[in-house]
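This briefing accompanies a protein model and is meant for a reader who is new to structural description. Please consult the sequence and the structure shown below while reading.

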Amino acid sequence: MTRFPSTCSLDVVGIGNAIVDVLVQTDDAFLAQHGLQKGGMALIDEQQAETLYTASGPGLETSGGSVANTMVGIAQLGGRAGFIGRVRDDRLGGIFSHDIRAVGARFDTPAATTGATTARCLIYVTPDAERTMCTFLGASTQLEPEDLDLSMVRDTKVLYLEGYLWDSPAAKRAFIAAADVCREAGGQVALSLSDGFCVDRHRESFLELVNGHVDVLFANEVEIKSLYETDDFDTALKKVGGGCSVIAVTRGGEGSVVLSGDQRWDIGIFGLGELVDTTGAGDLYAGGFLHGYTQGESLERCGQLGALCAGQIVTQLGARPQVSLRELAAAHLN
(Lines give C-alpha, C1' and ligand atoms only; values in the text may rest on other atoms or scores of the structure.)
Protein backbone atom coordinates (compact mmCIF):
# COMPACT_ATOMS: atom_id res chain seq x y z
CA MET A 1 0.00 0.00 0.00
CA THR A 2 1.36 3.41 -1.01
CA ARG A 3 2.10 5.63 1.96
CA PHE A 4 1.49 9.35 1.87
CA PRO A 5 1.65 12.03 4.57
CA SER A 6 -1.31 11.41 6.90
CA THR A 7 -2.07 15.13 7.22
CA CYS A 8 -2.91 15.75 3.53
CA SER A 9 -6.36 17.25 2.98
CA LEU A 10 -6.19 16.76 -0.81
CA ASP A 11 -5.63 13.55 -2.76
CA VAL A 12 -4.47 15.03 -6.06
CA VAL A 13 -3.68 18.58 -7.16
CA GLY A 14 -3.28 19.14 -10.89
CA ILE A 15 -1.45 21.95 -12.65
CA GLY A 16 -2.40 22.39 -16.27
CA ASN A 17 -3.84 24.49 -19.03
CA ALA A 18 -7.32 25.83 -18.23
CA ILE A 19 -9.08 25.36 -21.55
CA VAL A 20 -12.62 25.45 -22.89
CA ASP A 21 -13.18 22.81 -25.58
CA VAL A 22 -15.25 23.46 -28.68
CA LEU A 23 -16.21 20.05 -30.06
CA VAL A 24 -17.24 19.86 -33.71
CA GLN A 25 -18.28 16.73 -35.58
CA THR A 26 -16.79 16.90 -39.07
CA ASP A 27 -15.19 14.81 -41.81
CA ASP A 28 -11.74 14.11 -43.23
CA ALA A 29 -12.35 16.56 -46.08
CA PHE A 30 -12.59 19.48 -43.62
CA LEU A 31 -9.29 18.46 -42.02
CA ALA A 32 -7.59 18.27 -45.41
CA GLN A 33 -9.07 21.60 -46.52
CA HIS A 34 -7.54 23.35 -43.50
CA GLY A 35 -4.24 21.46 -43.47
CA LEU A 36 -4.90 19.71 -40.17
CA GLN A 37 -3.02 16.50 -39.34
CA LYS A 38 -5.59 13.93 -38.30
CA GLY A 39 -5.20 12.70 -34.72
CA GLY A 40 -2.69 15.38 -33.77
CA MET A 41 -2.62 18.47 -31.57
CA ALA A 42 -1.47 21.73 -33.18
CA LEU A 43 -0.82 24.96 -31.33
CA ILE A 44 -2.48 27.93 -33.06
CA ASP A 45 -2.63 31.68 -32.46
CA GLU A 46 -5.72 33.72 -31.71
CA GLN A 47 -6.27 34.68 -35.36
CA GLN A 48 -6.09 31.04 -36.50
CA ALA A 49 -8.51 30.10 -33.72
CA GLU A 50 -11.02 32.67 -34.95
CA THR A 51 -10.62 31.57 -38.58
CA LEU A 52 -11.19 27.89 -37.79
CA TYR A 53 -14.06 28.64 -35.43
CA THR A 54 -15.81 30.64 -38.15
CA ALA A 55 -15.32 27.86 -40.72
CA SER A 56 -16.61 25.13 -38.40
CA GLY A 57 -20.10 23.76 -38.17
CA PRO A 58 -22.17 23.80 -34.95
CA GLY A 59 -20.10 22.94 -31.89
CA LEU A 60 -20.48 21.97 -28.25
CA GLU A 61 -18.67 24.23 -25.79
CA THR A 62 -17.52 22.40 -22.68
CA SER A 63 -14.74 22.96 -20.17
CA GLY A 64 -11.64 20.90 -20.87
CA GLY A 65 -7.89 20.85 -20.44
CA SER A 66 -6.16 17.52 -19.93
CA VAL A 67 -5.31 17.75 -16.23
CA ALA A 68 -8.52 19.62 -15.42
CA ASN A 69 -10.48 16.71 -16.95
CA THR A 70 -8.51 14.32 -14.75
CA MET A 71 -9.31 16.34 -11.62
CA VAL A 72 -13.01 16.30 -12.51
CA GLY A 73 -12.86 12.51 -12.82
CA ILE A 74 -11.22 12.19 -9.40
CA ALA A 75 -13.80 14.50 -7.80
CA GLN A 76 -16.65 12.54 -9.39
CA LEU A 77 -15.23 9.32 -7.95
CA GLY A 78 -15.31 10.86 -4.49
CA GLY A 79 -11.68 11.97 -4.30
CA ARG A 80 -10.41 15.31 -3.02
CA ALA A 81 -9.06 17.17 -6.04
CA GLY A 82 -7.64 20.63 -6.64
CA PHE A 83 -6.64 22.45 -9.82
CA ILE A 84 -4.20 25.28 -10.52
CA GLY A 85 -4.41 27.04 -13.88
CA ARG A 86 -4.97 30.48 -15.39
CA VAL A 87 -8.09 31.83 -17.11
CA ARG A 88 -8.97 35.39 -18.19
CA ASP A 89 -11.95 37.27 -16.68
CA ASP A 90 -14.03 36.66 -19.82
CA ARG A 91 -17.01 34.49 -20.84
CA LEU A 92 -14.99 31.33 -21.45
CA GLY A 93 -13.06 31.88 -18.21
CA GLY A 94 -16.34 32.05 -16.34
CA ILE A 95 -17.52 28.81 -17.95
CA PHE A 96 -14.32 27.01 -17.00
CA SER A 97 -14.32 28.25 -13.39
CA HIS A 98 -17.96 27.34 -12.82
CA ASP A 99 -17.67 23.88 -14.33
CA ILE A 100 -14.66 22.67 -12.35
CA ARG A 101 -15.98 24.00 -9.05
CA ALA A 102 -19.44 22.56 -9.69
CA VAL A 103 -18.11 18.98 -9.45
CA GLY A 104 -16.41 19.69 -6.12
CA ALA A 105 -12.83 20.32 -7.24
CA ARG A 106 -10.99 23.18 -5.55
CA PHE A 107 -9.99 26.00 -7.94
CA ASP A 108 -8.63 29.19 -6.39
CA THR A 109 -6.34 30.68 -9.09
CA PRO A 110 -7.46 34.31 -9.67
CA ALA A 111 -8.54 35.15 -13.22
CA ALA A 112 -6.21 37.44 -15.16
CA THR A 113 -7.58 40.93 -15.81
CA THR A 114 -5.21 41.76 -18.68
CA GLY A 115 -3.48 39.89 -21.49
CA ALA A 116 -4.66 37.03 -23.70
CA THR A 117 -8.17 35.60 -23.57
CA THR A 118 -9.03 32.25 -21.98
CA ALA A 119 -7.53 29.26 -23.79
CA ARG A 120 -9.69 27.21 -26.12
CA CYS A 121 -9.27 23.97 -28.00
CA LEU A 122 -11.10 23.29 -31.25
CA ILE A 123 -11.64 19.52 -31.34
CA TYR A 124 -12.70 18.02 -34.64
CA VAL A 125 -14.28 14.58 -34.25
CA THR A 126 -14.48 12.48 -37.43
CA PRO A 127 -16.93 9.59 -37.97
CA ASP A 128 -14.29 7.06 -36.82
CA ALA A 129 -14.29 8.83 -33.37
CA GLU A 130 -10.72 10.11 -33.88
CA ARG A 131 -10.11 13.62 -32.61
CA THR A 132 -7.90 16.33 -34.10
CA MET A 133 -7.13 19.25 -31.80
CA CYS A 134 -6.18 22.86 -32.53
CA THR A 135 -5.29 24.68 -29.33
CA PHE A 136 -4.94 28.39 -28.57
CA LEU A 137 -3.25 28.47 -25.16
CA GLY A 138 -4.16 32.08 -24.40
CA ALA A 139 -4.26 33.06 -20.74
CA SER A 140 -3.07 29.63 -19.57
CA THR A 141 0.48 30.54 -20.63
CA GLN A 142 0.46 33.41 -18.11
CA LEU A 143 0.72 31.00 -15.17
CA GLU A 144 3.89 32.00 -13.30
CA PRO A 145 5.63 30.44 -10.26
CA GLU A 146 4.34 33.30 -8.07
CA ASP A 147 0.78 32.36 -9.04
CA LEU A 148 1.07 28.94 -7.42
CA ASP A 149 -0.89 28.24 -4.27
CA LEU A 150 1.93 26.36 -2.58
CA SER A 151 -0.27 25.53 0.41
CA MET A 152 -2.27 23.28 -1.94
CA VAL A 153 0.90 21.77 -3.36
CA ARG A 154 2.23 20.94 0.12
CA ASP A 155 -1.14 19.56 1.19
CA THR A 156 -1.61 16.91 -1.51
CA LYS A 157 -0.66 13.27 -1.79
CA VAL A 158 0.07 13.53 -5.51
CA LEU A 159 0.85 16.52 -7.73
CA TYR A 160 -0.23 15.80 -11.32
CA LEU A 161 1.36 17.75 -14.15
CA GLU A 162 0.73 17.79 -17.89
CA GLY A 163 3.43 17.74 -20.55
CA TYR A 164 1.61 20.46 -22.49
CA LEU A 165 2.90 22.95 -19.89
CA TRP A 166 6.33 22.53 -21.44
CA ASP A 167 5.16 24.63 -24.41
CA SER A 168 5.15 27.73 -22.18
CA PRO A 169 8.47 28.76 -20.52
CA ALA A 170 6.63 30.54 -17.68
CA ALA A 171 4.36 27.56 -16.99
CA LYS A 172 7.37 25.25 -17.19
CA ARG A 173 9.05 27.21 -14.39
CA ALA A 174 5.89 26.97 -12.31
CA PHE A 175 5.76 23.22 -13.00
CA ILE A 176 9.31 22.62 -11.73
CA ALA A 177 8.87 24.83 -8.65
CA ALA A 178 5.68 23.01 -7.66
CA ALA A 179 7.21 19.55 -8.15
CA ASP A 180 10.12 20.43 -5.85
CA VAL A 181 7.80 21.75 -3.13
CA CYS A 182 5.52 18.70 -3.31
CA ARG A 183 8.33 16.18 -2.99
CA GLU A 184 9.92 18.12 -0.12
CA ALA A 185 6.57 17.85 1.71
CA GLY A 186 6.52 14.07 1.23
CA GLY A 187 4.14 13.94 -1.73
CA GLN A 188 4.62 12.26 -5.09
CA VAL A 189 4.77 13.73 -8.59
CA ALA A 190 2.83 12.30 -11.54
CA LEU A 191 3.30 13.38 -15.16
CA SER A 192 1.29 12.90 -18.34
CA LEU A 193 3.31 13.05 -21.56
CA SER A 194 0.16 14.58 -23.11
CA ASP A 195 0.78 14.17 -26.84
CA GLY A 196 3.25 12.53 -29.24
CA PHE A 197 4.04 15.84 -30.91
CA CYS A 198 4.62 17.40 -27.48
CA VAL A 199 7.13 14.62 -26.75
CA ASP A 200 8.89 15.32 -30.06
CA ARG A 201 9.26 18.98 -29.10
CA HIS A 202 10.62 18.36 -25.60
CA ARG A 203 12.13 14.86 -25.63
CA GLU A 204 15.40 15.70 -23.87
CA SER A 205 13.84 17.55 -20.94
CA PHE A 206 11.07 14.95 -20.62
CA LEU A 207 13.67 12.18 -20.35
CA GLU A 208 15.43 14.15 -17.61
CA LEU A 209 12.13 14.55 -15.76
CA VAL A 210 11.12 10.91 -16.11
CA ASN A 211 14.48 9.63 -14.94
CA GLY A 212 14.83 11.82 -11.88
CA HIS A 213 11.75 13.73 -10.81
CA VAL A 214 8.60 11.74 -11.57
CA ASP A 215 7.08 8.95 -9.46
CA VAL A 216 4.10 8.03 -11.66
CA LEU A 217 4.17 8.36 -15.46
CA PHE A 218 1.16 8.30 -17.78
CA ALA A 219 1.53 7.92 -21.54
CA ASN A 220 -0.11 6.29 -24.52
CA GLU A 221 1.65 3.91 -26.88
CA VAL A 222 2.55 6.61 -29.42
CA GLU A 223 4.01 8.88 -26.75
CA ILE A 224 6.12 6.24 -25.03
CA LYS A 225 7.57 5.04 -28.34
CA SER A 226 8.29 8.64 -29.34
CA LEU A 227 10.02 9.34 -26.01
CA TYR A 228 12.46 6.48 -26.54
CA GLU A 229 12.60 6.84 -30.34
CA THR A 230 11.61 3.28 -31.10
CA ASP A 231 8.86 1.66 -33.19
CA ASP A 232 8.65 -1.31 -30.81
CA PHE A 233 6.33 -1.02 -27.81
CA ASP A 234 8.08 -3.60 -25.61
CA THR A 235 11.48 -1.99 -26.28
CA ALA A 236 10.09 1.34 -25.07
CA LEU A 237 8.70 -0.30 -21.91
CA LYS A 238 12.08 -1.84 -21.11
CA LYS A 239 13.73 1.56 -21.38
CA VAL A 240 11.23 3.33 -19.16
CA GLY A 241 11.18 0.61 -16.52
CA GLY A 242 14.22 1.93 -14.68
CA GLY A 243 12.93 5.47 -14.19
CA CYS A 244 9.60 5.97 -12.43
CA SER A 245 8.10 3.89 -9.62
CA VAL A 246 4.88 3.35 -11.58
CA ILE A 247 4.21 3.56 -15.32
CA ALA A 248 0.76 3.32 -16.91
CA VAL A 249 0.58 3.16 -20.70
CA THR A 250 -2.72 3.14 -22.59
CA ARG A 251 -3.09 1.32 -25.92
CA GLY A 252 -6.56 2.24 -27.15
CA GLY A 253 -8.57 -0.85 -28.00
CA GLU A 254 -5.80 -3.12 -26.69
CA GLY A 255 -6.23 -1.86 -23.13
CA SER A 256 -3.33 -0.67 -21.00
CA VAL A 257 -0.15 -1.86 -19.33
CA VAL A 258 0.87 -0.98 -15.77
CA LEU A 259 4.49 -1.46 -14.70
CA SER A 260 6.22 -1.25 -11.32
CA GLY A 261 9.72 -2.62 -10.92
CA ASP A 262 9.75 -6.07 -12.51
CA GLN A 263 5.97 -6.46 -12.22
CA ARG A 264 3.58 -6.00 -15.13
CA TRP A 265 -0.21 -6.00 -15.33
CA ASP A 266 -2.07 -6.10 -18.66
CA ILE A 267 -5.42 -4.38 -18.20
CA GLY A 268 -8.34 -5.00 -20.55
CA ILE A 269 -10.88 -2.48 -21.77
CA PHE A 270 -14.46 -1.92 -20.67
CA GLY A 271 -16.84 -1.88 -23.63
CA LEU A 272 -19.71 0.24 -22.30
CA GLY A 273 -21.34 1.30 -25.56
CA GLU A 274 -20.73 2.58 -29.06
CA LEU A 275 -17.47 4.46 -29.64
CA VAL A 276 -18.42 8.12 -30.13
CA ASP A 277 -15.41 10.32 -29.28
CA THR A 278 -11.96 9.46 -27.90
CA THR A 279 -11.45 12.96 -26.48
CA GLY A 280 -10.49 12.68 -22.81
CA ALA A 281 -9.93 8.91 -22.74
CA GLY A 282 -6.38 9.29 -21.44
CA ASP A 283 -7.43 12.06 -19.03
CA LEU A 284 -10.15 9.95 -17.44
CA TYR A 285 -7.90 6.88 -17.35
CA ALA A 286 -5.45 8.93 -15.28
CA GLY A 287 -8.31 10.15 -13.08
CA GLY A 288 -9.48 6.66 -12.27
CA PHE A 289 -5.95 5.39 -11.77
CA LEU A 290 -4.88 8.25 -9.47
CA HIS A 291 -8.04 7.98 -7.41
CA GLY A 292 -7.33 4.31 -6.76
CA TYR A 293 -3.64 5.04 -6.18
CA THR A 294 -4.27 7.70 -3.53
CA GLN A 295 -6.79 5.42 -1.79
CA GLY A 296 -4.20 2.65 -1.43
CA GLU A 297 -5.66 0.27 -4.03
CA SER A 298 -3.48 -2.32 -5.78
CA LEU A 299 -1.89 -1.18 -9.04
CA GLU A 300 -3.97 -3.72 -10.95
CA ARG A 301 -7.14 -2.30 -9.42
CA CYS A 302 -5.93 1.24 -10.24
CA GLY A 303 -5.53 0.22 -13.88
CA GLN A 304 -8.99 -1.32 -13.94
CA LEU A 305 -10.57 1.82 -12.49
CA GLY A 306 -8.73 3.92 -15.07
CA ALA A 307 -9.91 1.63 -17.86
CA LEU A 308 -13.50 1.83 -16.64
CA CYS A 309 -13.49 5.64 -16.62
CA ALA A 310 -11.90 5.73 -20.08
CA GLY A 311 -14.44 3.19 -21.31
CA GLN A 312 -17.27 5.47 -20.24
CA ILE A 313 -15.94 8.73 -21.66
CA VAL A 314 -15.51 7.37 -25.21
CA THR A 315 -19.26 6.63 -25.40
CA GLN A 316 -20.16 10.35 -25.28
CA LEU A 317 -19.17 13.63 -26.89
CA GLY A 318 -16.75 15.62 -24.72
CA ALA A 319 -14.30 14.88 -21.93
CA ARG A 320 -16.44 15.60 -18.86
CA PRO A 321 -18.42 12.52 -17.69
CA GLN A 322 -22.19 12.77 -18.08
CA VAL A 323 -22.88 9.85 -15.73
CA SER A 324 -21.86 9.16 -12.13
CA LEU A 325 -18.40 7.59 -12.16
CA ARG A 326 -18.83 6.54 -8.55
CA GLU A 327 -21.97 4.58 -9.40
CA LEU A 328 -20.25 3.13 -12.48
CA ALA A 329 -17.34 1.89 -10.36
CA ALA A 330 -19.72 0.39 -7.80
CA ALA A 331 -21.58 -1.47 -10.55
CA HIS A 332 -18.57 -2.85 -12.42
CA LEU A 333 -15.71 -3.24 -9.94
CA ASN A 334 -17.27 -4.37 -6.66
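In which sense do E1 and E9 pair, and over how many bridges? E1 and E9 pair in the parallel sense, over 5 bridges. The model is predicted, so local features need pLDDT of at least 70 and side-chain atom pairs count only at pLDDT 80 or more, while totals for chains, interfaces and linings use all residues. Residues are numbered from 1 along each chain as its sequence is written, and side-chain values use heavy atoms, with hydrogens and water left out.

**The sheet**

- Helices (H or I, at least four residues) and strands (E, at least two) are DSSP runs, numbered from the N terminus.
- An open sheet is formed by 9 strands in the order E6-E5-E1-E9-E10-E11-E12-E13-E14, and its pairing is mixed; two strands pair if DSSP finds at least two bridges between them.
- Strands of a sheet pair through backbone hydrogen bonds, either parallel or antiparallel.
- The edge strands, each pairing on one side only, are E6 (106-107) and E14 (263-267).
- Strand E5 (residues 81-84) runs parallel to E6 and is joined to it by 2 bridges; Gly-82 stands opposite Arg-106 in E6.

**Strand E9 and its surroundings**

- Val-12 stands opposite Val-158 in E9.
- E9 is also joined to E10 by 5 bridges, and these two strands run parallel; Leu-159 has Val-189 in E10 as its bridge partner.
- E9 is mostly covered, as 7 of its 7 residues are buried; buried means under 20% relative accessible area, exposed over 50%, and partly exposed in between (1.4 Å probe, protein chains only).
- Helix H6 (residues 169-184) packs on the sheet and touches E1 (10-15), E9 (156-162) and E10 (188-192); contact means heavy atoms within 4.5 Å.
- The direction of H6 makes about 160° with that of E9, where axes are lines fitted to C-alpha atoms, for helices over the stretch in contact, and angles run from 0 to 180 degrees between N-to-C directions.

**The second largest pocket**

- The second largest pocket has a volume of about 180 Å³.
- On a 1 Å grid over the protein atoms alone, a pocket is an open set of points with protein on both sides within 12 Å along at least five of seven lines, and lining residues have an atom within 4 Å of a point.
- Grid points are joined across faces, edges and corners, and a volume is the space filled by probe spheres set on the points.
- Helices H10 (281-294), H11 (299-313) and H12 (325-333) each give two or more residues to the lining, and the largest share, 4 residues, comes from H12.
- The lining residues include Leu-77, His-291, Arg-301 and Asn-334.

**Individual loop residues**

- Most residues other than glycine have a negative phi.
- Ala-129, although not a glycine, has a positive phi of about 75°; Ala-129 lies in the loop between E7 (119-125) and E8 (131-136).
- Why does Ala-129 count as buried? Ala-129 counts as buried because its relative accessibility is 1%.
- Glu-229 likewise has a positive phi, of about 50°, and is not a glycine; Glu-229 is found in the loop between H8 (221-227) and H9 (233-240), and is exposed at a relative accessible area of 62%.
- Ser-56, in the loop between H2 (46-55) and E4 (59-64), is buried, with a relative accessible area of 13%.
- Not counting residues up to four places away in sequence, Ser-56 touches Val-24, Phe-30 and Tyr-124.

Conventions:
On a 1 Å grid over the protein atoms alone, a cavity is a set of points where a 1.4 Å probe fits but cannot get out, and a pocket is an open set with protein on both sides within 12 Å along at least five of seven lines; lining residues have an atom within 4 Å of a point.
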